[in-house]
Amino acid sequence: MKIHVNNICDNECITYPLPLLVGEIEGNNQDGVLMVSTSGDPDGIIDWPVVEGAFKVLVRLQPGQNIIYFNYGQDSLIFRLTYEVPGFTHIVRPVYIICADDDGHFQGPEDVSCTPESAARRITLGAQIVQTLTAVKMNEHGFGRVTFQIETDSDHHPICHLFHSKLTLEEAYAMTGYQLWNYLGKELMMSPLFSHKSRSKFYCFLSFTRYHLPHDAEIPKTHSDILRHTKGHTALGGGGLALFGTGNLHTWSEHLSTFNACMTNRKRIDRRKFMDDSAYREYYWANYATGLGASLHELGHTFDLAHTPSGIMARGFDDLHKVFTVQRKRKGRHHQRTERRQRYSSAGSSNSEVSRTSSTSSIDETSSLGSSSESSSVSNTISALTAVLKRQTDICYGSPSKQSLMPTEKSYTAPPPLVVSVESGFRQLPPPTTLTFSVKHYDGSETRQTITGGEIIKSAKIVKDVSCRASSSSTSSASLSPTSSAPSMLPNSPEDPTSSSDVTLTSEVTVVDTGAHWYRSSAVVLLFHKTKIKSLSGLRVIELRTDPEGAVFHHWEFLSPSPPVEFVLQKNNIPNLLDTGTVAILAEDNNGNILKKKIKVSDIV
């Protein structure tokens, strides 16, 4: 058996300190333990799981050349990486905010360290994790492993500032999320603690988030119910400030050596004692994934990223755990269950099995088709339906575990179309002339729509809890102040994995790990993003966003060596353009200059 690293080459140069190494044990499909150590790393040897022969490990690098040692049983591998500090002038600045009359402890179980120092260690590691995720996902778009730089000390160790606000707990709890974002943004910009504020994105966490459920109250069933029993929590980002609560910070890892254990922790959150922000998955690992992923979503807004049809700027951040853990192939009980379902749905064929389809589901099936063409067609149809159902439910079975994708495999491949044949003798019933349905969103709000003849004739949204409202874009170029524009909140509901984008990419992009990816236009904006206004030197990306929601519905990208200096909007080049009054435009040039403007749809020729 040999140990192979598949995603990074030996002796490669890396510009961030915590690269993700994905590989396999040749000729092995069993579980085991891979021992990994890095020269100069004080953490020493860290054990990482091998799942069905595959592994994902994070290694901490020191500036210069690093030697990484892998040991699996009798097999070993020596791997070399060079960490080159990029020396950017613009940074992401992690900050832990403490009220004036508080000790700064965050909420958590009694056996967990909840001190400000522990919070700082969890936040700095989390910042490095999302820094690595950004590099991995930008590389999938063909842009290389580019990412932002986290503020460090003179020894290149990441910093998380402990910031003591002038706010008291009583004052903070009386504020809405938007009021906190606005007040703290101004306070941070005026503080003498920070230098180079104009070149910083503040990545901030509120120490005073508290969840309290009365003894006589029922256990909350929805996320909005949980928020009603939570104070000091928000999730907002824009301008130069991303602000997030710490209700689930106790589930985050404090050290790299415990990262995998925390990201696969199958313990359930006690909703009577602690806030559950896990996209209804309830486990500790899910709170870690959603909390850290949501903070990256808010940080994305500070880079002028809007909500997108999929990915991190939608609800794809809930899948952050899939980037860093090996996902196990599910067999056995679930396979038998799908087999039983098919026997009742395969038109009398009892020997056909569900075929394996390339999808983003949490479960893969082995392929074994029946001999007849009818059985094969039915099998493909059921396979497509099963894949769609599994993607929608995102069942995790207690721990994120599924076989990692090999470089040759592709994700986000649409399943085969659903083909339905009607036997003779059946009479089609006329559809109802009018159909009204409602969709409950992640935040507790509800959308009701009335459809006649396949067209939506009426749509209304009912909002139950709107203590924090904010627009998602500004009508002018964003300044460097964290309070220069209104912040954006998290999307209301999880993205629909079956929906497709209207954007045609200039090149095929292979996206793995399902939802936790940068949407294509977001990746291009990040690639050329800067915060200092210079001069026009060629357009790189243009986004069209809905107004006032600020969600991207179409974009153009220009990655050639000679990008155009002029672009004319034409209605016939914009699919799904609705006459909604106005649309928002974001344009970024080769120097990183950003233009934001709203125009009337009627003005587009």
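Q: How do I read the open sheet, and in what order do its strands sit?
A: A strand here is a DSSP run of E with at least two residues, numbered from the N terminus, and two strands pair if DSSP finds at least two bridges between them. In this case five strands line up as β2-β8-β7-β4-β5, with mixed pairing. At the edges sit β2 (12-14) and β5 (46-50), each pairing on one side only. This is a predicted model, where local features need pLDDT of at least 70, side-chain atom pairs count only at pLDDT 80 or more, and totals for chains, interfaces and linings use all residues. Residues are numbered from 1 along each chain as its sequence is written, and side-chain values use heavy atoms, with hydrogens and water left out.

Q: In which sense do β4 and β5 pair?
A: Strand β4 (residues 32-38) and β5 are antiparallel, with five bridges. To find one, look at V36: its bridge partner in β5 is I46.

Q: Which strands does β11 pair with?
A: Strand β9 (residues 91-98) runs parallel to β11 and is joined to it by seven bridges; V92 has K201 as its bridge partner there. Strand β15 (residues 241-244) is also parallel to β11, through four bridges, and Y203 is partnered with A242 in β15.
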